Amino acid sequence: MASESPTADRKVVVHLRATGDAPILKQAKFKISGSDKFSKVIEFLCRQLHRDTLFVYINSAFSPNPDELVIDLYNNFGFDGKLVVNYASSMAWG
Amino acid sequence: MEVFSEEATKYVWGGAIPLQIHLHESEVTTLPPPPPALVLGSRIGYLPLLVPLIKPYFSSTLPPGEDTVWFDYNGLPLKWYVPIGVLFDLLCAEPERPWNLTVHFRGYPGDVLTPCDSEDTVKWSYINSLKEAAYVINGNCKNIMNMAQVDQFDLWQSLVKGNMDGYLRISSRLKLGPVGEDCFLKQASSLQPRQAIDEPDTVGCSRPSRIPVRLYIRNVGESLEYLEDAPIIDSWDRISYINRAVEIHKEGGNYMTLKHAMRTLLPEIFGDEDPDKKYELRGEGNHEACSSFGDQETISTARNDLVEETSFGSQRPSEANLIRIQGIEPDLNIPFSWVVNNLRNPDYFLHLCVFLRTSSHQAKAT
């Protein structure tokens, strides 16, 4: 449980990692506002990779629902100061 | 203290919302229009799972086209991944029975709702929530990932069919609880392989429990006297959806209370002041009425954002922030471990609805 106040104003560092045959992004690290929903990360990925659908995971483990706040995901699952997001073209961890 | 009550779990699994489901007028092609469908929506279930029950009522009147089913309450499209009981507790400040919903088979609002094509979409969402919960509890979700396909299928089917025994049988193998009296996660005793001394995991397979919580926060306003007058939610922007975890621990021999857990989860709302101290000042008894008026005024003027206890059977609307879990507004002195073990959903999340009465210094709505 984060001891600092997990306010919306924080920026969160997101590290985007390709899985399987998904294309690797040139720029893989981004800062996103903590008050944004995870759907923003998904949308960003879809735009960058020109895909309609992607499978997106946290720590190669689970897909959070798109309404979850980035700050909550970071507080609960982030480590080393970043949130690791894996993306794949097909279901990687079913 | 009985940490896990099968009786309480039966109530939770048996809980259902009586729904009166109207077909949206734009989709009625016959005269007279079909009467609404009366369906029981399991509290722990999800709206899309009701479609096979509902569709027969309306299939003969629908316009041609493909089905993209969604529901709305007072015009607000309902998020399908939120358990039915939570939607009801959150959106119906004053419980409405039956709960009047509108069903649509066309015109899916893709700007508000993520797509939901079939039962599989709901299952995927459930399994991922389960993984997320497991990750919070264990630091990884290997136990879910290593489930046999048939077990995952059976677990899901137990939920769909409201089969509590089937669910408990499979879920008990996942080692996600219940929280024991010592506030440690109860593990089935098993032979542990000898572990290296420097291994972070304790050899005694017990550790303080981290509880995953989903909070749905709604501001009903300071001056609200009766819940039925709460402003209608016309947009999900009015609800804060917050996902946090709380570690259960004992406080010098005392059980951690729900009140304390709320303070840990939402310090920006429930304040830093030790609520136990305040409780001592007021006197003994869980069932004592919510303090004298004098006390309340003092506390209210001093700190608007403190939680006050609600007493059982209190007719007077509480001036405090309201917490609703599985349709219950619990006494805040209940041990949090009891709440966790008995009121959490099959996805191992505790879903809490919070009705904020304070206007100042509240959690930022997104």
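Pro32(B) sits in the loop that runs between β1 (16–23) and β2 (37–42) of chain B. In this predicted model, the peptide bond that joins Leu31(B) to Pro32(B) is cis, with omega at about -10°. A cis bond also turns up between Arg97(B) and Pro98(B), where omega is near 0°. Pro98(B) again belongs to a loop, the one between α3 (84–91) and β5 (99–104) of chain B. These bonds deserve a second look, because most peptide bonds are trans.

Further along chain B comes a stretch with an annotation. The UniProt record, an unreviewed entry, lists residues 119–175 of chain B as "domain: Autophagy protein ATG5 alpha-helical bundle region". As for what the model shows there, the span is 79% helix and 0% strand. From one end of residues 119–175 of chain B to the other, the C-alpha atoms are 26 Å apart.

Turning to how the chains meet, 25 residues of chain A touch 22 residues of chain B. The size of an interface is often expressed as the accessible area that is lost when the parts come together. For chain A and chain B the buried area comes to about 2,100 Å², and carbon and sulfur atoms account for 56% of that area.

Within chain A, backbone angles pick out a couple of residues. Most residues other than glycine have a negative phi. His50(A) lies in the loop between α1 and β3 of chain A, while Asn59(A) lies in the loop between β3 and α2 of that chain. Their surroundings contrast as well. His50(A) has a relative accessible area of 71%, so it counts as exposed, the cut-off being over 50%. Asn59(A) has a relative accessibility of 14% and therefore counts as buried, since buried means under 20%.

Cys46(A) is another buried residue of chain A, at 13% relative accessible area. Helix α1 (residues 38–49) of chain A is where Cys46(A) is found. Once neighbours within four places in sequence are set aside, Cys46(A) has contacts with Arg51(A), Asp52(A) and Leu54(A). Lys82(A) is 36 residues away from Cys46(A) in sequence, and the C-alpha atoms of Cys46(A) and Lys82(A) are 21 Å apart in space.

Definitions and conventions
Residues are numbered from 1 along each chain as its sequence is written. Chains are lettered from A and ligands numbered from 1 in the order in which they are written. This is a predicted model: local features need pLDDT of at least 70, side-chain atom pairs count only at pLDDT 80 or more; totals for chains, interfaces and linings use all residues. Side-chain values use heavy atoms; hydrogens and water are left out. UniProt positions are given in the numbering used here, feature names are shortened, and annotations may be inferred rather than shown by experiment. Helices (H or I, at least four residues) and strands (E, at least two) are DSSP runs, numbered from the N terminus. Contact means heavy atoms within 4.5 Å. Buried area is the accessible area (1.4 Å probe) that two parts lose on being put together, summed over both. Buried means under 20% relative accessible area, exposed over 50%, partly exposed in between (1.4 Å probe, protein chains only).
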